[in-house]
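Please look over these comments on the charged side-chain pairs. They are set out point by point.

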Amino acid sequence: MAAHSACDFGGGKAEKLALAKYRQTIWGGRVLNSQFTDEELRSQGRCPLTPEEIGLLLAALGFDNSTRLYLASHKVYGGEARISTLRELFPLMENKKSLASSEERARIKGKASLLAAVDYYVGMHSDIFVSASPGNMHNALVGHRNFENMKTIRPNMALLGQLFLNKNITWLEFCQAMAEGHQNRQGQLKLRKPKQSIYTYPAPDCMCRA
């Protein structure tokens with residue numbers, strides 16, 4: 001998804017070469033270089049959030065280091081170097097490897113659909129779900145949780161992009177902007193608009209009519 005976004009994640013020339021390779025091998029060259037600059041992409045909310053950015057979002061919304069996180073991901077771009085900052089903010093962080101035994105992991109190793117099913121199951125049974133970037137699993141999980149009336153934070157990507165580009169913002173100002181920008185993005189039921197996915201927005205189509 002990092003490669004698909006055409007965004008810059010601060011890795012310099014090595015990153016550009018790596019993402020170009022991903023675009024070719026995974027996406028078959030279907031991702032073209034964007035006509036927008038990285039700043040414009042971020043301001044428009046088109047860039048996936050990094051683990052560091054997710055950590056800052058959660059901290060700004062009031063989650064402290066006693067919060068237990070589950071990282072639902074097959075592979076995080078940048079590896080442990082990217083995850084370490086998030087782990088420092090939230091040391092009680094789990095993933096499939098830490099929750100499952102070696103025998104359990106061996107049974108599902110290399111089986112992408114089963115690995116994704118574990119993430120989906122944990123995501124559906126979590127108190128709160130937060131997504132770093134839209135995608136098929138995100139859409140299905142958000143829609144399912146909304147249908148069950150479960151708290152689901154949908155990050156305001158455009159707002160976050162603009163705030164992260166502001167080098168002069170204080171922590172207090174950032175927290176205030178996060179609180180205001182996410183008041184109506186925490187799982188409130190929204191009616192589906194034309195052309196929107198029924199999986200992400202199950203109402204009113206999937207609701208009983210009296």
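The points below take the salt bridges and then their surroundings.

1. This is a predicted model. The count comes to five salt bridges.

2. Glu94 sits in strand 2 (residues 93-94), while Arg68 sits in the loop between helix 4 (51-60) and strand 1 (69-70), so the pair ties together parts that are 26 residues apart in sequence.

3. Glu94 has a relative accessible area of 18% and is buried, because buried means under 20%. Arg68 is exposed, at 59% relative accessibility; the cut-off for exposed is over 50%.

4. Lys96 and Asp119 form a salt bridge between their side chains, at 3.0 Å from N to O. Lys96 belongs to helix 6 (residues 96-99) and Asp119 to helix 8 (residues 112-124), so this pair links parts that are 23 residues apart in sequence.

5. How accessible is Lys96, buried or exposed? Lys96 is buried, with 16% relative accessibility. Asp119 is buried too, with a relative accessible area of 5%.

6. Arg87 and Glu80 also meet in a side-chain salt bridge, with 3.3 Å from N to O. Arg87 is partly exposed at 31% relative accessibility. Glu80 is partly exposed as well, with a relative accessible area of 43%.

Definitions and conventions:
Residues numbered from 1 in each chain as written. Predicted model: local features only at pLDDT ≥ 70, side-chain atom pairs only at ≥ 80, totals over all residues. Heavy atoms only, no water. Salt bridge = Lys/Arg side-chain N within 4 Å of Asp/Glu carboxyl O. Helix = DSSP H or I, 4+ residues; strand = E, 2+ residues; numbered from the N terminus. Buried < 20%, exposed > 50% of the residue type's maximum accessible area, 1.4 Å probe, protein only.
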